[in-house]
Amino acid sequence: MFKKILFLFIIVTLISCNATKSPIVTSKKAPTTKKPVANTYRKKVVAKPVPIKRNSQSSADQDDEVIESTSRTVVSNDVIGSYVAQYKNIAMSNMKTYGIPASIILAQGILESGAGRGDLAQTANNHFGIKCHAGWTGDSVRHDDDASQECFRKYNEAAESYRDHALFLTGRSRYASLFNLSKSDYQAWANGLRSAGYATDPRYPQKLISYIERYDLGQYDALVLGNRYIPTENNTGTRTVVANAVYDPNRSYHEVQKGDTLYSISKKYNVLITDLKIKNNLSENTISIGQKLIVN
């Protein structure tokens, strides 16, 4: 009997406990929607070029030079050197014929023509800035100089300009005093040209002298006069020593280069070494770079 009562009590207790529990509600979770992922792009960082500061004393800057005469021209030492090499023989020939120092002729050519790169030289073969003046019957071009659209002489080739420059100086009385000066005194000639009115630039003589000394143009005077040349201290190009030989436009010359010997030169021109020495007044076999040797 006791067991039955105990059993019923347990059953009633279990039923009452189940009745008090809150019902468990199971609900299906709503699917979570994924937020759209925004596409992000990294901004490309473009490096700005950093300007390179050029040393004002760099060789490139030293090589460039502004020549201002009838036009403004930027040239390098090499351009001026090539100009001298191209016209030195004409200048020496004119010195022999007309008595104008070759150094002055070349220096004026460099300055007035911008070493052959100036406007007048390019368009009219005018290397000395010579204007038409009264009596000129040849071709001409117009160019701005002291005044707008002035008349300048035009030539078929540069050699004509060089010859006309010589005739221009020898044919006008105002330049007559120049020919009383020593042909080896380029400084006096440079100042004399300015005094005679060749140019209006007050620094004209200094510019000519600067070119003569920097590029050793005096060596060509020495060659024509038969003098031995001593290079200047502020020389820009290769220092040279000229042999004691009087320039003759009817002869052929060889300019000594690095590595040349009398033997190699004799082979090149098919001439005997003894003949080379006699032609050039050489007492020994020593020669110098830049020396002009008669070879024929």
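**Note on the predicted model**

1. T73 is found in strand 2 (residues 72–76); helices (H or I, at least four residues) and strands (E, at least two) are DSSP runs, numbered from the N terminus. This is a predicted model, in which local features need pLDDT of at least 70 and side-chain atom pairs count only at pLDDT 80 or more, while totals for chains, interfaces and linings use all residues. Residues are numbered from 1 along each chain as its sequence is written, and side-chain values use heavy atoms, with hydrogens and water left out.

2. T73 counts as buried because its relative accessibility is 7%; buried means under 20% relative accessible area, exposed over 50% and partly exposed in between (1.4 Å probe, protein chains only). Leaving aside residues up to four places away in sequence, T73 touches E65, V66, I67, G114, R117 and G118, where contact means heavy atoms within 4.5 Å.

3. Overall, the secondary structure of the protein comes to 11 helices and 6 strands. The protein has 296 residues, and 39% of them count as buried. Among contacts between residues at least 6 apart in sequence, 52% join residues at least 24 apart.

4. The largest nonpolar core has 46 residues, of which I80, I104, L106, I110, Y198, Y211 and L217 touch the most other members. Such a core is a set of buried Ala, Val, Leu, Ile, Met, Phe, Trp, Tyr and Cys residues joined through side-chain atoms within 4.5 Å. Two or more residues of this core come from each of helix 3 (77–98), helix 4 (102–113), helix 6 (158–170), helix 7 (186–195), helix 8 (204–214) and helix 9 (218–225). Helix 3 gives the largest share, 8 residues.

5. Not counting residues up to four places away in sequence, I80 touches E65, I67, V75, I110, A115, Y211 and Y215. Another core lies apart from the largest one and has 9 residues, including L262, I265, L276 and L282.

6. Strand 3 (residues 140–143) and strand 4 pair in the antiparallel sense over 4 bridges; two strands pair if DSSP finds at least two bridges between them. The bridge partner of H143 in strand 4 is E150, and S140 stands opposite R153. In strand 3, V141 and H143 make up the covered face, S140 and R142 the uncovered one. In strand 4 (residues 150–153), E150 and F152 point one way and C151 and R153 the other, and all are buried.

7. The structure holds 1 disulfide, a disulfide being a pair of cysteine sulfur atoms within 2.5 Å. C132 and C151 form it, with their sulfur atoms 1.9 Å apart. The angle about the S-S bond is -65°, and the link of C132 and C151 is left-handed. C132 lies in the loop between helix 5 (119–124) and strand 3, and C151 in strand 4, so the pair ties together parts that are 19 residues apart in sequence. Both C132 and C151 are buried.

8. Rings of Phe, Tyr and Trp (its six-membered ring) pair if their centres lie within 6.5 Å; planes under 30 degrees apart count as stacked, over 60 as edge-to-face and the rest as tilted. One aromatic cluster is formed by Y83, Y87, F128 and Y162.
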